[in-house]
Amino acid sequence: MSQARLSKALAWSALGIGLALITVGGRTWAQAQMSGQPSTSKGDWPYYFADARGSRYSPQDQISASNFNSLEVAWHFKTDSLGARPEYKLEGTPLEVNGTIYTTAGSRRDVIALSAKTGELKWVYSFDEGSRAVASPRQLSGRGVSYWTDGKGDERILYVSTGYRLVELNAKNGQPIESFGAKGMVDMKVGAYKGSGQQIDLETGEIGLHTTPTVVKDTVIVGSAFKEGGQPETHNNTKGIVRAWDVKTGKLIWSFHTIPQKGEFGYDTWLNGSADTNGNTGVWTGITVDTELNTVYLPIEDPTSDYYGGERPGNNLYADSLVAVDLSTGKIKWYYQIVHHPMWDYDLSSPPLLADINVDGKAIKAVALPTKESFLYVFDRVTGKPVWPIEEKPVPQGDVPGEWYSPTQPFPTKPPAYARQALSPDNMIDFTPELHAKALQIAEHYKMGPMFLNPVVSKVDGPLAALTFGTAGGGTNWPGAGYDPEMHVVFAPAANSGVVPLGLVQPPPGYGDIRYLQGVAGQRFRVNEGPGYGSASDAPKVSDSQKRLEAILAKQSKPTTGGPATNPFALNVDGLPITKPPYGVLSALDLDKGTLMWQVAHGDTPDGVRNNPALKGLNIPKTGQPGNVGLAITKTLVIMGDPEVTTTPDHPRGAMLRAYDKKTGQQVGAVWMPAPQSGSPMTYSVDGKQYIIVAVSGGNYSGDYIAFSLPSNN
């Protein structure tokens with residue numbers, strides 16, 4: 001059955017469903033006010049992404065274009081004392097409810113509550129999970145917490161521990177809710193499985209999560225994540241799973257199998273029974289919900305492994321699919337597969353945005369999905385039907401032994417792509433003819449082509465790899481995008497210089513059971529376990545996987561030391577990116593028209609470009625910066641920080657938190673930060689004063705939550 005036919009068969013009828021003009025967290029504004037629930041309209045920020053719809057929008061307007069440059073630090077909270085070692089990758093976005101900030105912090109993923117006005121610590125909850133946390137594929141402090149209240153005084157905080165437990169705390173004092181699960185916890189490794197149903201080890205089994213749970217009504221929904229997928233040891237990895245629990249008791253309500261089990265729809269898209277012997281396919285990014293439609297929207301990642309699928313022939317549902325399921329039962333309503341038979345790391349990385357739009361005079365309840373591809377996929381969120389046609393087009397076919405290739409892939413007709421999708425001579429560096437010529441010489445050692453260029457078997461004499469865009473390092477990644485419900489506009493940040501070489505090598509004998517893994521011919525085989533892995537409190541300097549690989553390499557009769565330590569044909573030209581600027585962009589996409597409204601380069605020109613000797617005497621315009629950063633939207637502004645530090649004539653070494661006019665993209669203000677933005681900003685108001693909080697960290701600067709506000713006399 002095709003996805004369109006399934007959508008038609010399973011979708012709810014749109015008849016009789018009224019459109020809410022203004023919604024907050026999936027409820028109408030009036031409902032939110034009457035229910036006693038926190039909302040952005042009251043000045044709160046009660047969800048990781050502002051509301052259950054994923055908007056990152058707040059109607060606060062005290063901070064504006066006229067005074068943004070006057071912002072000063074109201075308070076800040078350093079996280080160094082939380083955990084056994086400092087954290088240099090703080091990715092949290094705090095919540096604010098009724099004058100209290102709630103978030104995670106530190107290398108042990110502690111939960112903290114702070115005064116929203118002063119930053120004073122109210123309480124801290126710390127949970128030492130020992131070796132279970134050390135084995136977790138997703139370490140450090142994660143991205144925050146979730147909030148629930150009955151509106152009558154019962155307030156709770158929920159988060160996913162490093163070791164993949166769902167923990168529920170009393171929001172007033174940080175104590176576990178004894179009536180939830182087993183004394184305040186649900187062990188989510190129980191029920192996680194691999195193969196055709198084999199329970200994973202509760203201590204060392206591979207599963208975890210950075211992202212916050214999604215809490216709506218009396219239900220908490222949690223996805224799953226794994227190590228980076230370039231060099232897994234087995235294709236029979238832990239399977240992705242999405243589950244819902246009762247927020248009051250911790251009782252399991254439903255489970256959704258992202259890899260269908262035998263007898264479930266989609267099982268036969270894994271040929272040769274390969275659904276039983278493959279894993280991953282989790283939901284590691286944010287999950288959004290329309291409570292009026294009683295529908296949950298799941299953005300699903302790649303299967304094992306990211307770049308070779310010879311052990312899993314077929315289209316592999318529900319990998320790289322947007323899936324809508326019933327909030328009460330977990331039963332599927334519709335799905336759309338964004339990538340057939342994934343092999344590019346085009347994980348669905350961003351929370352789906354729920355948008356009520358008007359197209360050609362027709363009101364549509366839509367869901368918009370930003371992607372690493374830099375396409376914004378827009379669907380009717382009731383039926384799953386694309387708002388504008390999505391065309392299946394032929395794509396390049398590869399020649400990797402044992403691989404299976406889909407003949408076509410889906411391409412949206414609207415909106416247009418909002419960042420680069422392939423590398424070509426036309427978008428290579430061209431500050432000077434000499435630099436452009438050097439870039440072409442480097443590219444001769446690789447394979448270039450259009451979007452969906454397949455990975456290649458790496459060869460010393462070439463090609464070393466296929467050069468791709470928007471796969472592991474481009475487009476919109478985990479921080480996601482935002483939606484303005486007043487303008488009907490999506491604001492999407494995107495990395496625009498993320499060239500990723502996709503080369504495959506055979507792993508050392510004894511390493512694993514996958515025929516090809518990511519690597520470069522002639523170089524030592526390495527394992528990339530992911531950013532932050534091995535940095536948690538109590539983690540050893542060398543992981544078990546690294547120790548195992550070293551032991552395997554030591555036993556080889558001809559050790560694979562393999563040529564130079566680094567690639568002699570690295571993708572930079574005299575220390576400059578191989579691509580033209582802009583290196584990072586912020587785009588505004590009009591969802592009523594399906595058009596690109598504006599686009600600007602985001603961030604100062606990097607120091608390595610500004611001060612490069614090859615560019616001496618040239619006038620280099622603002623290039624923007626590569627990297628993944630999130631945003632917040634207010635009544636008049638889009639707010640987003642730099643992903644890199646710079647030193648310019650305008651400011652000392654540091655990064656800038658920038659404000660853009662929503663209608664034009666013009667930068668209207670910027671304030672200095674001591675380190676790059678590492679978590680998405682949020683905003684709230686307490687006692688008539690608006691604040692902006694952003695997490696910064698990186699390099700030698702450890703995690704810091706900084707709150708900005710206007711001077712008291714402003």
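This is a predicted model: local features need pLDDT of at least 70, side-chain atom pairs count only at pLDDT 80 or more; totals for chains, interfaces and linings use all residues.

Student: Which residue forms a salt bridge with Lys-580?

Tutor: Side chains of opposite charge can pair when their charged atoms come close. A salt bridge requires a side-chain nitrogen of Lys or Arg within 4 Å of a carboxyl oxygen of Asp or Glu. The partner of Lys-580 is Asp-430, with the closest N and O atoms 3.5 Å apart. This pair links parts of the chain 150 residues apart: Lys-580 sits in the loop between strand 34 (576–577) and strand 35 (584–590), and Asp-430 in the loop between strand 26 (408–412) and helix 4 (433–443). Helices (H or I, at least four residues) and strands (E, at least two) are DSSP runs numbered from the N terminus. Asp-430 is partly exposed, at 41% relative accessible area.

Student: Which residues do salt bridges with shared partners join into one network?

Tutor: That network consists of Arg-53, Asp-290, Asp-356 and Arg-381. The count for the model comes to 28 salt bridges.

Student: How far apart in sequence are Asp-347 and Lys-372?

Tutor: The side chains of Asp-347 and Lys-372 meet in a salt bridge at 3.9 Å, N to O. Asp-347 lies in the loop between strand 21 (332–337) and strand 22 (353–359), and Lys-372 in the loop between strand 23 and strand 24 (377–380), so the pair ties together parts 25 residues apart in sequence. Asp-347 is buried at 6% relative accessible area, and Lys-372 is buried at 3%.

Student: Where do Lys-365 and Glu-292 lie?

Tutor: Lys-365 and Glu-292 form a salt bridge of 3.7 Å, N to O. Lys-365 belongs to strand 23 (residues 362–369) and Glu-292 to the loop between strand 18 (288–290) and strand 19 (295–299), 73 residues apart. Lys-365 counts as buried at 5% relative accessibility, whereas Glu-292 is partly exposed at 33%.

Student: What share of the 714 residues is buried?

Tutor: Buried residues make up 63% of the 714. The secondary structure comes to 6 helices and 44 strands.

Conventions. Residues are numbered from 1 along each chain as its sequence is written. Side-chain values use heavy atoms; hydrogens and water are left out. Buried means under 20% relative accessible area, exposed over 50%, partly exposed in between (1.4 Å probe, protein chains only).
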